[in-house]
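Please open the model in your viewer and keep the selection tool at hand.

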Amino acid sequence: MNISSVVVQTVPKYLDGLVEDLKNCDACDYHMHDEAGRVIITIEGEGVSEELEKMKIIEAIPHVITADMQMAYSEDELDAHMEVIENG
């Protein structure tokens, strides 16, 4: 399982509508936004291809200027990090 954070940018006058569209979108989870038109969401997928499909859905929402993946994390990476932490 992969999880990635995405910053979505819109024009401030479309912000409220876009936030509602993202909250109602099955492809992502909405987290927060600012008045400058930046919205933080996360997407999850079994692999990169599923995440890319979800990014295409996000990018197709009206008034999305950009949707940029910022951080990506996979369960395999988490398991490896947890092993290091547990073993000192």
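A disulfide here is a pair of cysteine sulfur atoms within 2.5 Å. By this rule the count is 0 disulfides. You are looking at a predicted model, where local features need pLDDT of at least 70, side-chain atom pairs count only at pLDDT 80 or more, and totals for chains, interfaces and linings use all residues. Residues are numbered from 1 along each chain as its sequence is written, and side-chain values use heavy atoms, with hydrogens and water left out.

**Stop 1: the cysteines.** Select Cys-25 and Cys-28. Cys-25 is buried (under 20% relative accessible area, with a 1.4 Å probe and protein chains only), at 13%. Cys-28 is buried too, at 7% relative accessibility.

**Stop 2: the core.** Next, select Val-8, Leu-22, Ile-41 and Ile-58, which touch the most other members of the 17-residue largest nonpolar core. Such a core is a set of buried Ala, Val, Leu, Ile, Met, Phe, Trp, Tyr and Cys residues joined through side-chain atoms within 4.5 Å. Helix 1 gives the largest share of this core, 4 residues. Helices (H or I, at least four residues) and strands (E, at least two) are DSSP runs, numbered from the N terminus.

**Stop 3: the strands.** Pairing requires at least two DSSP bridges between two strands. Pick out Val-7, whose bridge partner in strand 3 is Ile-40, then His-33, which stands opposite Val-39 in strand 3.

Conventions: Buried means under 20% relative accessible area, exposed over 50%, partly exposed in between (1.4 Å probe, protein chains only).
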